[in-house]
Amino acid sequence: MSDKANGKKYKDTIILPKTDFGMKANLAQREPEQIARWDAMDVYGRIRAERRGAPKFILHDGPPYATGDLHVGTGLNKVLKDFVVRYKTMAGFDSPYRPGWDCHGLPIEHKVAKELGPRARDMATADIRKLCLDYAMKFFARNRDDFKRLSIFGEWDTPYLTVNHDYEAGVLDLFAEMVAGGYVYRSLRPIHWCITDRTALAEAELEYDDITSPSVYVRFPLTDESRARASELFGAAGDAVDLVIWTTTPWTLPANLAIAVHPEFDYALFAAAAADGQPFTGIVAEGLLDTLAARGLLADAKKLGTCKGRDLEGLTYRHVFMDRVGPVVLADYVTLEGGTGCVHTAPGHGREDFETGRRYGLEPVSPVDASGRFTDAGGPFVGQQVFEADPHVVKLLQEKGALLAAAPVKHSYPHCWRCHEPVIFRATEQWFVNVEHADLRSRLIGEVDKVDWIPDWGKARILGMVNTRPDWCISRQRSWGVPIPAFYCVGCGQTVLTADSVRHVRDLFAAHGSDHWFTHEAAELAPPGLACPKCGGKTFEKENDIFDVWFESGSSHWSVVRPDGRMQWPCDLYLEGSDQHRGWFQVSMITAMCARNDAPYQAVLTHGFVVDEKGEKMSKSRGNFISTSDAVKAVGADIFRLWVASANFRDDINTSIALMQNAGESYRKVRNTIRFILGNLHDFDPSADAVAPADMLPMDRWAVAKAAELHREVRGHYDAYVFHRVFGELFTFCDTTLSAFYLDALKDRLYCDGRDSRSRRSAQTAIYHCLVQLIQLLAPICPFTAEEAYAAMPHKWAQADSVHLLTFAPVEGDWVDPELIEKFRELFTLRDAALDQLEQLRKSKEIGSGLDARVTLRVAGTELLKDYRSCSELLPGLFGVSEVEIAEVAKKTGAPDEVQVDAARSTSPRCDRCWRHLESVGSDTEHPTLCARCAAVVKAL
């Protein structure tokens with residue numbers, strides 16, 4: 001019989017892999033089918049039932065806005081949360097996940113108003129709110145489908161929505177606690193104001209960008225009385241003396257009420273010439289006089305005298321173009337970093353200015369309306385928009401002879417995070433949370449120390465923000481949100497807000513929702529018998545402002561976590577983007593500290609922003625926006641999730657479809673590894689065929705020890721939320737430990753050894769345990785693939801309908817063998833040396849594959865010789881050759897044990913069945929073209 005005929009004859013005796021686990025994932029088709037299966041079997045409900053009574057781990061979901069298609073960054077956030085929840089669930093915790101949506105707020109109202117156009121002006125508030133609700137519900141449903149498509153397990157049928165009656169009632173319940181604690185007040189104060197959206201803004205609603213402003217140096221003349229006093233202070237005087245100020249907001253000059261100086265700085269009286277050549281006498285900080293002169297602002301400047309800033313307090317000056325006299329006041333925030341050391345002070349347009357004005361009894365002037373236009377109090381600029389008025393202010397200053405200099409300056413300036421337009425400071429009546437009341441700021445700082453911030457720089461970030469944050473402005477002049485349940489006495493204008501009155505409205509909202517406030521009169525909303533504490537009046541008007549949307553989302557712990565008996569306070573983890581240190585993380589802690597005096601979370605984990613491949617912000621206007629649904633359509637949910645896992649999410653994450661497709665290459669390597677193992681377990685029943693650890697071949701014990709090591713290391717990375725290292729360990733185990741070495745070394749045993757031989761069953765036992773670890777450790781990251789692999793196992797390690805119902809299979813103590821791992825590390829050094837020589841033999845055409853070669857180990861040292869001979873049967877597979885000879889060589893006196901590796905073409909004949917070149921080929925007369933091993937296997941069939 002010819003060699004070709006023999007090969008065909010013996011091919012049927014080889015045990016080839018067999019599995020239904022396909023090489024192609026077909027994720028776009030299979031993933032939706034799997035989701036439908038999970039829904040049908042209520043896998044999430046069964047998980048909850050399985051974990052009932054177990055220790056809890058609660059991740060509280062921060063609510064995204066229901067305003068449009070899901071940004072890929074929102075998808076990344078939800079996937080990261082799902083990693084945590086799935087892992088903790090498999091680790092044995094009861095970890096319910098209730099997703100949420102922020103359905104109120106200006107983004108939605110703005111979208112609706114844009115669609116309505118001019119019609120919005122004539123519509124009732126209740127009708128606009130109904131359209132806002134419809135808009136929010138449309139995108140909530142669409143977003144929910146996108147999240148489910150990503151295989152996020154959670155309570156999708158009962159999420160928390162900030163428009164739900166019970167949630168709105170929870171917001172008021174928390175507010176009542178804060179009112180009872182004395183944290184809430186209403187006051188005229190300057191706040192950030194968006195003139196585009198006509199509403200107040202909190203610090204968390206600002207973003208900063210560079211703008212160019214017309215900076216001006218302005219001369220304000222001292223009154224005659226103060227000029228005489230100045231001559232005494234400085235020991236010199238001029239016919240007129242000007243205080244010189246500098247500002248980058250000329251439009252605020254109509255509201256100027258004072259000029260601030262630092263009490264400890266030295267101030268100089270100087271004589272100089274202005275830019276027009278006219279001489280004048282002025283006052284600036286002495287430390288800035290030379291700088292101003294060097295810039296050409298003060299020609300031929302000559303210092304006439306000095307005095308301390310505190311001595312200037314009480315001097316008065318005349319406003320340049322308003323009929324007003326203002327005082328010189330003292331303030332510690334004045335610096336010598338720029339300007340003149342004399343600071344223009346407009347209490348109606350600046351936070352520090354307001355505090356200074358309050359100390360000196362200056363009633364704020366804010367001659368600007370909600371749209372940013374000057375009112376009648378704006379003097380010559382009435383009707384002009386503030387930023388458009390800047391050049392007109394400069395021109396008037398020039399006409400009045402008060403402009404010393406003007407020049408454009410580029411600087412960072414606050415913008416509205418929604419419309420991205422510059423904002424202003426404007427004094428209005430607003431509702432605030434007092435962060436100084438009851439030592440709240442200090443208590444917040446102390447509580448920050450108790451929280452685990454991941455990464456740890458998050459602690460310094462939020463501490464810096466808490467240390468410097470102002471009182472929290474919680475009122476907004478909009479329609480779409482939860483109304484602030486305050487009343488105003490018609491008779492005397494007194495504000496009426498008590499914990500009891502808030503709780504009365506809370507009960508109305510619990511029954512009817514917050515729309516009830518807008519469809520009923522104050523008399524129907526106020527508690528029975530409510531009377532004005534000031535005049536006793538019983539006729540009231542209701543507040544028109546709504547809560548800042550951050551107050552609503554910052555109440556979620558009170559509305560969602562606290563009342564749910566399945567959860568626990570504080571929850572274990574908040575996980576959001578790094579911008580939430582100034583947003584949700586901070587406001588949640590403020591509200592919780594006011595109500596319960598502890599933080600609502602034990603740990604806070606933050607991730608970076610999703611940016612494009614160039615590191616630029618992603619947006620539709622830039623054309624680089626990627627939606628979650630587009631990403632999933634392109635690569636599938638499991639590959640999207642693998643891409644998330646592969647990124648070091650603590651930094652900004654570069655994103656593109658191409659980068660996700662690169663993750664697909666890694667996915668295919670992992671999938672093919674699983675497929676190979678499954679294919680070689682088709683005839684393996686662990687209950688009947690598994691080999692005890694003591695009876696396994698050393699290489700197989702090594703593989704199981706590596707799987708145990710993988711389990712320990714990956715679990716550690718999951719616990720530390722270092723998912724890119726989870727991915728790295730799993731990929732390396734599949735690509736390097738298994739595919740590139742171990743599985744390749746096993747092929748001969750798995751395919752050609754006797755079906756029930758100890759050597760083959762030992763190998764199957766090892767790869768079975770490797771597969772168990774791979775599937776369960778991969779399950780939180782690639783739930784579809786893990787489920788498919790689990791379903792394809794002929795004999796599973798547990799009786800469950802889904803891998804996601806299981807907890808992690810324990811790693812048996814006898815699988816852990818660090819000494820064996822170390823021993824194989826030494827063998828790998830020999831293997832590397834052999835592979836180098838084999839590569840040279842291939843390049844010289846002496847061999848085709850490794851099976852055409854033999855390796856000789858020349859060993860010097862008795863103990864070393866014993867070690868290598870004890871595992872001699874494994875060495876051909878380890879080196880990927882047909883034969884390995886172990887030869888003893890003489891050891892030089894005093895020399896260390898050593899081994900030399902030599903590779904050469906084999907001179908032995910090749911077996912027609914296993915293709916190894918072995919001396920035993922032809923030893924069996926019945927099968928003369930087979931090696932002894934293959935002949936024995938074939939004869940036993």
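Predicted model: local features only at pLDDT ≥ 70, side-chain atom pairs only at ≥ 80, totals over all residues.
Residues are numbered from 1 along each chain as its sequence is written, and side-chain values use heavy atoms, with hydrogens and water left out.

Me: At what angle do the axes of helix α25 and helix α29 cross?
Reply: Helices (H or I, at least four residues) are DSSP runs numbered from the N terminus, and axes are lines fitted to C-alpha atoms over the stretch in contact, with angles from 0 to 180 degrees between N-to-C directions. Helix α25 covers residues 698-719 and helix α29 covers residues 818-843. Their axes come within 9 Å and cross at roughly 115°.

Me: Is α25 roughly parallel or roughly perpendicular to α29?
Reply: Angles under 35 degrees count as roughly parallel, over 145 as roughly antiparallel, 65 to 115 as roughly perpendicular and the rest as oblique. The crossing angle is roughly 115°, so α25 is, relative to α29, roughly perpendicular.

Me: Which residues of α29 make the contact with α25?
Reply: Contact means heavy atoms within 4.5 Å. On the α25 side, the contact is made by P698, M699, R701, W702, A705, K706 and E709. On the α29 side, the residues are L820, I821, F824 and F828.

Me: How is α25 oriented to α26?
Reply: The two helices pack with their axes 10 Å apart, at an angle of about 170°. α25 is therefore, relative to α26, roughly antiparallel.

Me: Is T223 buried or exposed?
Reply: T223 lies in the loop between β6 (206-221), a strand (E, at least two residues), and α8 (224-234). Leaving aside neighbours within four places in sequence, T223 is in contact with T316, Y317, R318 and V325. Buried means under 20% relative accessible area, exposed over 50%, and partly exposed in between (1.4 Å probe, protein chains only). The relative accessible area of T223 is 5%, so T223 is buried.
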